[in-house]
Amino acid sequence: MSSIPTRSPCQRDSSDNRAAEHGQWTPQRVQRQCGSPGRHRRRAAAASVLGLDVGDIWPDVLKRREPAWLRPWVETELQATALRAFQVSVIPGLLQTPEYASLVLSSGLLDADEVAGYVETRLRRQAAVLNRRKPPLFIAVIDECALRRGEPDIMHPQLDHLIEMAQRPNTFLHVLPLDAGMHAGQAGPFVIATTEDGDVGYLDDQAAGRLTNETAPLWAIWDTLRSVALPRRHTIDFLKARTWLT
């Protein structure tokens, strides 16, 4: 008689994955094993093994913990079939490691407890959007300036994470190199979400973010940025080389 694995799918062991596929791990059992706070990526892996969304096993993922002004956009992200993001000064939130997110949020006026809460919220969003059963097409153009800002001990793992994400079949990353010169995205970051009801734009500024249905100008800027950014394969090679950190 074969033995039953004692480790849960949230520990990413292949034998445990097979066990889950054969019913040895139930959603309830996985919930108990992976339920401690801060294990978002392990939760996502376990949910994937069971063919479920993270929110199916851990409903707390969907609790309202983001700022009120961000909630309409969070709902839009969850409904999107495609997300196209441009960032000029920081790594897009959906691609940030916990350490990098903490660094970014700590640079503002938040206290330590607030930073920890916002990092937790950001990781929940990542799991809910990118690790669901049918994740959206996600295309990000990132200005090289964003890659150069941050301490090496934080940026090396962050760049490794970008490389890992860039190799997902539904995720395409493109670095906008410094030698591209001035570009149409200098005015600031934005995201275009494609949903069944049409396109929705998200614009971020110093005060808060806002949604817009007037996406034609954003599409024009997006097409320009995408045309001068590095191709996917060249972007991965660029991130691996990271000459500015060596």
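Here is how the two of them talk it through.

Student: What kind of model is this, and how are residues numbered?

Tutor: This is a predicted model: local features need pLDDT of at least 70, side-chain atom pairs count only at pLDDT 80 or more, and totals for chains, interfaces and linings use all residues. Residues are numbered from 1 along each chain as its sequence is written, and side-chain values use heavy atoms, leaving out hydrogens and water.

Student: What is the average pLDDT of the protein?

Tutor: pLDDT is the predictor's confidence in each residue, from 0 to 100. Here the protein averages 84, and 75% of the residues score at least 70. Watch out for residues 1-6 and residues 12-20, where pLDDT stays under 50. Where pLDDT is low, the predicted coordinates should not be read in detail.

Student: How many helices and strands are there?

Tutor: Helices (H or I, at least four residues) and strands (E, at least two) are DSSP runs, numbered from the N terminus. This protein has 11 helices and six strands.

Student: In what order do the strands of the sheet come?

Tutor: Strands of a sheet pair through backbone hydrogen bonds, either parallel or antiparallel. To count as a pair, two strands need at least two bridges found by DSSP. In this open sheet the order is β3-β2-β1-β4-β5-β6, with mixed pairing. β3 (171-176) and β6 (209-212) are the edge strands, each pairing on one side only. For an antiparallel case, look at β4 (residues 190-195) and β5 (residues 198-204), joined over six bridges. There, F190 stands opposite L203 in β5.

Student: Which helix packs on the sheet?

Tutor: Helix α5 (residues 71-79) does, touching β1 (82-87), β4, β5 and β6. Touching, or contact, means heavy atoms within 4.5 Å. The direction of α5 makes about 50° with that of β4; axes are lines fitted to C-alpha atoms, for helices over the stretch in contact, and angles run from 0 to 180 degrees between N-to-C directions.

Student: Which residues have the most contacts inside the largest nonpolar core?

Tutor: In soluble globular proteins, nonpolar side chains tend to be buried together. Buried means under 20% relative accessible area, exposed over 50%, partly exposed in between (1.4 Å probe, protein chains only). A nonpolar core is a set of buried Ala, Val, Leu, Ile, Met, Phe, Trp, Tyr and Cys residues joined through side-chain atoms within 4.5 Å. The largest one here has 34 residues, and L83, L95 and L147 have the most contacts inside it. Helix α9 (residues 152-166) gives the most to this core, with seven residues. A second, separate core of 11 residues includes V141, I192, W222 and A229.

Student: Which residues of α6 are buried?

Tutor: An α-helix has 3.6 residues a turn, so residues three or four places apart point the same way. In α6 (residues 98-106), the buried ones are Y100, A101 and L105. Because they cover an arc of only 130° around the axis, they sit on the same side of α6. That arc is taken from the directions from the helix axis to the C-beta atoms. The buried residues of α6 pack against α7 (112-130), α8 (144-147) and α9.

Student: Is Q87 buried or exposed?

Tutor: Q87, in strand β1, is buried because its relative accessible area is 15%. Among the residues that Q87 touches are P92, V141 and P189.
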